Amino acid sequence: QLVLVGPALDPGDLALLEAFTAQLSLALESRQLRAEAALATGLAEANRLRTALLAAVSHDLRTPLASIKASVTSLLQRDVEWPPDAQRDLLETIDKGADRLNVLINNLLDMSRLQTGTLEPVLRAVGLDEVVPQVLTELPEGADRVILDVPESLPRVYVDASLLERAVANVVENALQWSPPDQKVRIEAGSFGSTVDLRIVDNGPGVPPEQRETMFMPFQRLGDSANTSGVGLGLAVARGFVEAMGGQLMVEDTPGGGLTMVLRLPPAEE
C-alpha cells in the first residue's frame, strides 16, 4: 500500500514531474532498443561467421581431403603395380594434404578460442632467436625460400612462445603464398626503443591501404583463386595471438613492391 504525505502538487510542479517521467520513459525505451540492436548485430555477425565457416569447410577442408583420398585409393589398387617414384609422389601428396588439414583445423580451433575469450597466454621471457627458427622446421612447404635474420643479441620478449610461433608461421605462410616462386621471404628483427619488431617481408603484389584491415577479418581472403588454400583465418589468428600477448601486428609497404608484416612485441624486463 502506497501512502503519500505532503501538500498537493501545484500545476507547475505537476508539469515538471510529468516531463521528468516522460524523459525517464524515453531513456528506458532507448536503452532497451540499444540492447535489442546489439543482440541483433551479434546474431547477424554469428550468422555471417557460420555461413562463412560452412563455405570454407565445404571447399578448403575438402580439397586436401580429396587429394589424400585419391592418393590412398591409387596405392590400394590391386591391379596396378606402382613404380617406386610414383609411390613416393603419392605418399608426398598424402603427407602435404595431412599437413594442410592440420593447419586448417588448428586455425579453426584457434579462432574459436579467440572469439569465446578462452585463450590464456602463458607469458615468459623468450629470445626470438629461439622461437623463430622453429617456425621454419614446421612449415608445410617453402622453408627453403625463407631468409632468416634474427640476431642473438636482441632483447628478449615477454610472450607466449607457442602462440608467437603459431602467429609467425601463419604470417610467413601468407607471405610465401603471395610471393612469386623465384622470390625469397625475409624474416628480420630489430630493437626499436621500448619494443622489439619482427618483420616478415615479401615482394608479392602488395595490398592497397584501404583493404589492409580486411585482411585480418575471419574468413576473408583477398584475390581468391582456385589454388588459394586456407579458410581465410591465418592472419586473423595471428593478429589475435599477438594482441593477446600485448603486442601489435601492423602492415607496411615493402620498398620496391610487396608487403611487410610487422609484429611489434613487448620486451621482457631484464
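Is valine 262 buried or exposed, and what is its relative accessible area? In this predicted model, local features need pLDDT of at least 70 and side-chain atom pairs count only at pLDDT 80 or more, whereas totals for chains, interfaces and linings use all residues. Residues are numbered from 1 along each chain as its sequence is written, and side-chain values use heavy atoms, with hydrogens and water left out.

The sheet is open and mixed in its pairing, with 5 strands in the order β2-β4-β5-β7-β6; strands (E, at least two residues) and helices (H or I, at least four) are DSSP runs numbered from the N terminus, and two strands pair if DSSP finds at least two bridges between them. At the edges lie β2 (146-149) and β6 (248-253), each of which pairs on one side only. From one strand to the next the twist averages 20°, where axes are lines fitted to C-alpha atoms, for helices over the stretch in contact, and angles run from 0 to 180 degrees between N-to-C directions.

Strand β7 (residues 259-265) runs antiparallel to β6, to which 6 bridges join it, and within β7 methionine 261 is the bridge partner of valine 251. Valine 262 is also found in β7, and this residue is buried, with a relative accessible area of 0% (buried means under 20%, exposed over 50%, partly exposed in between, with a 1.4 Å probe and protein chains only). Leaving aside neighbours within four places in sequence, valine 262 is in contact (heavy atoms within 4.5 Å) with residues including Asp197, Leu198, Gln248 and Leu249.
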